[in-house]
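Here is a friendly walk through one protein model, written for someone who likes to know the cut-offs behind each term. Please keep the viewer open as you read.

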Amino acid sequence: MEKLLSNGHHESLPESYILPVDKRPGLIINKAIPVIDLAAHNHEQTAMQILEAAKEYGFFQVVNHGIEEEVIREMLKISKEFFQLPIEEKAVYFSEDVTKFPRLHTSTTRVNKLEKKVWRDYFKFVCHPVDPQSMDQWPQRPTGFREIAPKYSKFARELGLKILEFIAQGLKLDDNYFNGELSDGTSIVNINYYPQCPDPSLALGLLSHCDPNLITVLLPDDQVNGLQVLHHGDWISVDPIPNAFVINVGHQLEFITNGILKSVEHRAATSSAMSRISIATFIYPSSECVIGPAKQLIDENNGPIFREFKLKEFLSIYNGHIGDTANIMDAFKIKA
Ligand SMILES: O=C(O)CCC(=O)C(=O)O
Ligand SMILES: [Fe+2]
């Protein structure tokens with residue numbers, strides 16, 4: 001079993017985590033992603049705010065989203081406690097098989113062509129559809145994991161679907177446009193754990209990437225920041241707002257909106273003072289559905305810029321070009 005970071009003691013940064021100079025976290029620009037109040041009365045205005053943020057930044061935070069604070073607090077708590085379990089207890093979830101869920105893993109050199117590691121352990125599980133039989137493979141410890149994790153992820157997924165409804169309204173599509181097969185694939189929750197890092201200036205918790213799915217609902221640690229988003233060539237840091245969620249556009253939403261919404265590069269920096277948790281809920285289209293620009297967004301002045309495909313084809317290209325967004329998008333562009 002590859003050594004988990006979360007059970008090690010790290011006095012200095014091992015060579016295998018030291019990134020080449022151009023990949024290291026550098027200058028951060030003092031800008032912020034938009035914050036959107038989901039309880040505001042004027043729904044049409046909220047839809048427009050979401051649309052503008054998703055076009056300009058590919059990212060925004062949402063407040064007054066309706067998910068109870070207690071659920072959020074408990075999910076962050078059990079997530080931290082999970083990574084603090086003794087290695088023997090966690091080892092049963094560790095697997096090299098990427099198709100296995102739930103699955104615990106750490107960074108590997110395999111995931112990027114740099115042959116460098118990133119400062120992160122993670123635990124992944126499927127939150128939709130929930131198969132009651134597979135639940136007995138879920139962690140029994142920390143206490144409450146089996147109750148809190150499904151409850152939290154159901155709410156997080158519903159929040160994602162609600163945002164998709166606003167996006168559909170903003171784009172003048174049918175309100176239910178994203179319901180059904182476009183959002184009904186396997187949803188995955190990824191609990192990221194970034195231990196205290198001996199030298200955050202030389203390493204990253206996650207390299208720059210865009211998410212492969214439709215839309216992501218991210219609960220960042222409320223104690224320490226780490227998420228950074230690329231905006232017109234500048235890296236900006238997302239400062240956590242207690243109880244807020246960060247929403248980001250995945251590759252599939254960029255394809256379906258014919259490039260109107262942007263899937264934007266982001267990464268996770270580490271901290272020398274504290275470990276950090278983030279919990280990402282990824283909503284995916286179903287594996288059978290044909291993905292491509294919405295017909296309603298195409299006219300004689302706006303031709304389709306992406307071709308149609310199925311998720312399996314996308315994922316094989318995405319996984320073969322991890323972090324190389326230009327090449328991934330290019331594989332689906334219609335050439336003039
Ligand atoms: O840790 C974070 O804030 C970012 C996580 C992320 O980008 C991901 O899991 O895809
Ligand atoms: Fe991501």
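How many salt bridges does the structure hold? There are eleven salt bridges in the structure, where a salt bridge is a side-chain nitrogen of Lys or Arg within 4 Å of a carboxyl oxygen of Asp or Glu.

## Ground rules

This is a predicted model, in which local features need pLDDT of at least 70 and side-chain atom pairs count only at pLDDT 80 or more, while totals for chains, interfaces and linings use all residues. Residues are numbered from 1 along each chain as its sequence is written, chains are lettered from A and ligands numbered from 1 in the order in which they are written, and side-chain values use heavy atoms, with hydrogens and water left out.

## The iron site

Let us begin with the metal. The iron ion (ligand 2) has His 209 (NE2), Asp 211 (OD) and His 266 (NE2) as its protein donors, at 2.1 to 2.2 Å. Donors here are N, O and S atoms within 2.8 Å of the metal (3.2 Å for Na, K and Ca); water is not among the atoms, so sites may look incomplete. Along the chain, the donors of the iron ion are spaced as H-x1-D-x54-H. Asp 211 sits in the loop between strand 6 (206-209) and strand 7 (215-220), and His 266 belongs to strand 11 (residues 266-268), so this pair ties together parts that are 55 residues apart in sequence. Helices (H or I, at least four residues) and strands (E, at least two) are DSSP runs, numbered from the N terminus.

The cut-offs are under 20% relative accessible area for buried, over 50% for exposed, and partly exposed in between (1.4 Å probe, protein chains only).

## The annotated domain

The UniProt record, an unreviewed entry, lists residues 184-285 as "domain: Fe2OG dioxygenase". UniProt positions are given in the numbering used here, feature names are shortened, and annotations may be inferred rather than shown by experiment. In the model, residues 184-285 are 42% strand and 6% helix, and the end C-alpha atoms of this span lie 6 Å apart.

## Salt bridges up close

In one of them, the side chains of Lys 77 and Glu 81 meet at 3.3 Å, N to O. Both residues lie in helix 2 (residues 69-84), four residues apart, which is about one turn of the helix. Glu 81 counts as partly exposed at 26% relative accessibility.

Glu 308 forms a salt bridge with Lys 295, with 3.2 Å between the closest N and O atoms. Glu 308 and Lys 295 are 13 residues apart, and each is placed in the loop between strand 13 (290-291) and strand 14 (309-310). Lys 295 counts as exposed at 59%, whereas Glu 308 is partly exposed at 47%. Arg 307 pairs with Glu 313, the closest N and O atoms being 2.6 Å apart. Arg 307 is partly exposed at 27%, as is Glu 313 at 31%.

## How two helices pack

Helix 2 also packs against helix 4 (residues 145-170), at an angle of about 125° and with the axes 9 Å apart. Axes are lines fitted to C-alpha atoms, for helices over the stretch in contact, and angles run from 0 to 180 degrees between N-to-C directions.

Helix 2 and helix 4 are therefore oblique to each other; angles under 35 degrees count as roughly parallel, over 145 as roughly antiparallel, 65 to 115 as roughly perpendicular and the rest as oblique.

## Backbone details worth a look

Two cis peptide bonds deserve a click. The bond from His 128 to Pro 129 is cis, with omega near -5°, and the bond from Arg 141 to Pro 142 is cis with omega near 0°. Pro 129 lies in the loop between strand 4 (121-128) and helix 4, and Pro 142 is placed in the loop between strand 4 and helix 4 as well.

Positive phi angles come next. His 232, although not a glycine, has a positive phi of about 45°; it lies in the loop between strand 8 (227-231) and strand 9 (234-237) and is exposed at 63%. Asn 258, likewise not a glycine, has a positive phi of about 55°. Asn 258 is found in the loop between helix 5 (251-256) and strand 11, and is buried, with a relative accessible area of 10%.
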